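Subject: Structure handover

Hi,

Here is the structure I promised to pass on. Have a look at it first, and my notes on what turned up follow below.

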Amino acid sequence: MSYVDGFLLAVPKAKLEAYKELASLAGEVWKEHGALAFVECVADDVPYGELTSFPRAVHATDDETVVFSWIVYESREKRDAINAKVMADPRLKGDMASMPFDGKRMIFGGFSPIVEL
């Protein structure tokens, strides 16, 4: 069974194009190192909930949008090896202060699928 890394973050609407460029580069790097799929999605129908919601989870402000993304790997072991290569890849080295989003509010984690169709 595969393995999935999931991400949820808030991106300033004014920096969405810069984020898209960064995500496109990152996707190329992840795929080149062996990821099976790399998907980035911008919020389209994510209402601000009374108790919980995607915008609440990342403390999105009115001038931000929510991005939901995931990377699929063959296995947890492959994910660990691929991520080590990605983190060492010079194409993704950059200053955290110049990122087009606030990384402190990004939610991320690894997931073992329980159903795959």
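**The pocket and its surroundings**

The lining of the largest pocket draws at least two residues from each of E1, H1, E2, E3, H3 and E4. Helices (H or I, at least four residues) and strands (E, at least two) are DSSP runs, numbered from the N terminus. Please keep in mind that this is a predicted model: local features need pLDDT of at least 70, side-chain atom pairs count only at pLDDT 80 or more, and totals for chains, interfaces and linings use all residues. Residues are numbered from 1 along each chain as its sequence is written, and side-chain values use heavy atoms, with hydrogens and water left out.

The volume of the largest pocket is about 800 Å³. For the method: on a 1 Å grid over the protein atoms alone, a pocket is an open set of points where a 1.4 Å probe fits, with protein on both sides within 12 Å along at least five of seven lines, and lining residues have an atom within 4 Å of a point. Grid points are joined across faces, edges and corners, and the volume is the space filled by probe spheres set on the points. The lining counts 33 residues, of which Trp-30, Met-87, Met-99, Phe-101 and Met-106 are the closest to the pocket centre. H1 supplies the largest share of the lining, six residues.

**The cores**

A nonpolar core here is a set of buried Ala, Val, Leu, Ile, Met, Phe, Trp, Tyr and Cys residues joined through side-chain atoms within 4.5 Å. Buried means under 20% relative accessible area, exposed over 50%, and partly exposed in between (1.4 Å probe, protein chains only). The largest core has 16 residues, and Leu-9, Val-11, Tyr-19, Trp-30, Ile-71 and Tyr-73 touch the most other members. Two or more residues come from each of strand E1 (3-12), helix H1 (16-32), strand E3 (64-73) and helix H3 (76-88). H1 gives the most to this core, five residues. Another core, of five residues, lies apart from it, with Leu-8, Ala-10, Val-58 and Ala-60 among them.

Asn-83 sits in helix H3 and counts as buried, at 16% relative accessibility. Leaving out residues up to four places away in sequence, Asn-83 is in contact (heavy atoms within 4.5 Å) with Asp-5, Trp-30 and Tyr-73.

**Strand E3 and its partners**

E3 is largely enclosed by the rest of the structure, because eight of its 10 residues are buried. Strands pair if DSSP finds at least two bridges between them. E1 and E3 run antiparallel and are joined by 10 bridges, with Phe-7 opposite Ser-69 in E3. Strand E2 (residues 37-42) also runs antiparallel to E3, with six bridges, and Cys-41 has Phe-68 as its bridge partner.

**Aromatic pairs**

Rings of Phe, Tyr and Trp (its six-membered ring) pair if their centres lie within 6.5 Å; planes under 30 degrees apart count as stacked, over 60 as edge-to-face and the rest as tilted. The whole structure holds four aromatic pairs. Tyr-19 and Phe-101 have ring centres 5.7 Å apart and planes at 80°, so this pair is edge-to-face. Tyr-19 lies in helix H1 and Phe-101 in the loop between H3 and strand E4 (107-111), so the pair ties together parts 82 residues apart in sequence. Both Tyr-19 and Phe-101 are buried.

Best wishes
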